[in-house]
There are 2 protein chains.
Amino acid sequence: MMDFLQQSFTVNFQYGVYFTEHLFNTENTVFSDFLAQGYTQEVKRKILFVIDQEVATYHPDLISQIDEYFSVFNQVQLVLEKVIIPGGEIVKNDEKYYREVIEVINRNGIDRHSYVAAIGGGSVLDMVGYASAISHRGIKHIRIPATVLSQNDSGVGVKNGINYLGKKNFLGTFVPPTAVFNDFQFLTTLSDRHWRSGISEAIKVSLIRDASFFEWLEQNAQALVQRDKKAMQYLIKRCAELHLQHIASGDPFEKGSSRPLDFGHWSAHKLEQITNFEVFHGEAVAIGIALDTVYSQLTGLLTEEHANRVIQLLLNIGLPITHSMAIIQDENSPILLGLQEFREHLGGQLTIMLLKDIGKGEEVHEMDHDIIKEAAKRLSGSGF
Amino acid sequence: MMDFLQQSFTVNFQYGVYFTEHLFNTENTVFSDFLAQGYTQEVKRKILFVIDQEVATYHPDLISQIDEYFSVFNQVQLVLEKVIIPGGEIVKNDEKYYREVIEVINRNGIDRHSYVAAIGGGSVLDMVGYASAISHRGIKHIRIPATVLSQNDSGVGVKNGINYLGKKNFLGTFVPPTAVFNDFQFLTTLSDRHWRSGISEAIKVSLIRDASFFEWLEQNAQALVQRDKKAMQYLIKRCAELHLQHIASGDPFEKGSSRPLDFGHWSAHKLEQITNFEVFHGEAVAIGIALDTVYSQLTGLLTEEHANRVIQLLLNIGLPITHSMAIIQDENSPILLGLQEFREHLGGQLTIMLLKDIGKGEEVHEMDHDIIKEAAKRLSGSGF
């Protein structure tokens, strides 16, 4: 006896990404207007803030601004308790932080119609997004990214996660945020190193999706390095837009093995890990982009002229293109393990994005270790 | 300066629910045919089994049958290690079990194209579904429910979860399974108490969605109690079908506050908890159905004749309609707290499904404590 029922349904996911300044100035109603949208008298909603320690340090008035803002706009009840957690990978590595967020959610009776807002860098957003996604099977999560990298890349996407059993993002979900608020003011206090490293994801997305954005980056490299506000605002919005388009047009919850936005990332993830995150994610991505660009050239996929333009742009932004730990001595060199781990995390067949033109990628299913070695060697030499 | 990008995308979710017998008999190709669907030479896929201790005890040949099955059908590589975990609420209460599943997933390199199959009652499926949903942001999860309750209700749905901070399903996600296999043979070894208690969810779904199914249940009550195979097979398939239709037609990931399938559940969840799960879920649901049915009658929503038919069917199946802990002495009686906790878990406005007819529910947003008290009193008396 065999019998069968087929289940099939579709779910629509929507969220807005807002670009603003001075989000918690009471004259700025972007945030309160968003919260007012869902207002009904019957449903009592709350909002809990989780804040990156680094952001709280550089913006010492932030908490009092939030308190004042919600004394004026009170469609949603502010939870007075704020959770302050460290930024960076530690907050994803040590379980105590995600447990703390879940405990505060419970203690304050945050339900599925209430909000957990996270203000911080990508690691804080990843962790708080995960804690929100699994509490009560999903509390509404608002992201307020505070770095270039999170405003133009991870903060606008649908992934969250924490590290577990020594593996990056071993636990996590695909759950879109309820809204994203990119406040330019948070970027003004970033170090030059953080400011620049976030630009590598913009270079990456331009290389695989948009040649004219790449040309814009070439033309505006100096303005970006000099921290020109208008240039960075344009970069963030365009980069966020390209990421959003990619998610909506493709495979948002990554059911397949193709992962075009991970161009340059197989080596980057490994490099971050083996340098104990002393190399920032954006820097590691720059090195990863350089490696896969030269690899593309050496295999004949990309012209030398195009490869040189990529490397030159990375250098003009002040991004690294090589690292002592990225050199390959032999088959046991740690960076090569990154290829295997990348396949394991995605699952299925190894699928790597390479470049065939500025603005155009091409996927391959294997990489030649000798050619990777040669590419790494060229980048470490005086060739560039 | 304010600027905005709108993200919107749709994701389709599909899974099959198979009804079969002797799933791991090598002459039954239902399971292997399913696994063969996704076969490509390039992608090495694995399957890990997690098994409810009670199922393993009553079916001592199960593990060797699985091993033999995969020695014949080998499109997917069987992980030889099996995880055996206790059934019942303990497996959702104690974190060590979900951590164990995640560690075995990691140790065996189970990736997003591989499968974790769970064989067991609802608690085991909930916990393993959760562990699978968060590992690598979602490993394919196959459900093989082994009780009446899980075959006709939770096993075919999209929820998973574990208990945390003393609260039922505090952590969990909405993630559909990859497939569900209902094997009737697992039901043959159930105790009469387990067999009958699973029928309450069928009564529930008939009451809110399908009067003719309710009439079928009335007509077949004796056959069901006498463990007639054909009757139970029909019940399970029809009940699963009604659940699947409800999920697909409504709000699959429960973004709103309406929860029609939770008819009778506000008191049932609380009763399970305050009796330390000595009252089975299905029994608690029977008591909850009785309570909300009499409440519907007392408020004039439902006729006495219809209310009596509901109570009579519960009694004919051998299900309880009252419990000493369900009696309400005063406002502090624990069962009344269930109303508040139900609202908190759903979030938003309290929304309770009552009955206006056999096969037709009606939602209300408050319940009168005195009338609940009177309903509980009637059920505990000799009135029925």
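Buried means under 20% relative accessible area, exposed over 50% and partly exposed in between, with a 1.4 Å probe and protein chains only. The model is predicted: local features need pLDDT of at least 70, side-chain atom pairs count only at pLDDT 80 or more, and totals for chains, interfaces and linings use all residues. Side-chain values use heavy atoms, without hydrogens and water.

**View 1. Helix H13 of chain A and its surroundings.** Helices (H or I, at least four residues) and strands (E, at least two) are DSSP runs numbered from the N terminus. The buried residues are His265(A), Trp266(A), Ser267(A), Ala268(A), Lys270(A), Leu271(A) and Glu272(A). They pack against several elements of chain A, including strand E8 (167-171), helix H9 (199-209) and helix H14 (281-298). Contact means heavy atoms within 4.5 Å. Just after H13(A), Asn276(A) takes a positive phi of about 55°.

**View 2. The hairpin of E7(B) and E8(B).** Strand E7 (residues 162-164) and strand E8 (residues 167-171) of chain B pair in the antiparallel sense over 2 bridges. Pairing requires that DSSP finds at least two bridges between the strands. Ile162(B) has Leu171(B) in E8(B) as its bridge partner. The hairpin has 2 residues between the strands, and Leu165(B) takes a positive phi near 55°.

**View 3. Chain B laid on chain A.** A turn of 180° with a shift of 0.0 Å along the axis gives an RMSD of 0.0 Å. The two copies are thus related as by a two-fold rotation axis. Superposition is by least squares on C-alpha atoms of residues with pLDDT of at least 70 in both copies. In chain B, the C-alpha of Val11(B) is nearest the axis, 2.7 Å from it.

Notes
Residues are numbered from 1 along each chain as its sequence is written. Chains are lettered from A and ligands numbered from 1 in the order in which they are written.
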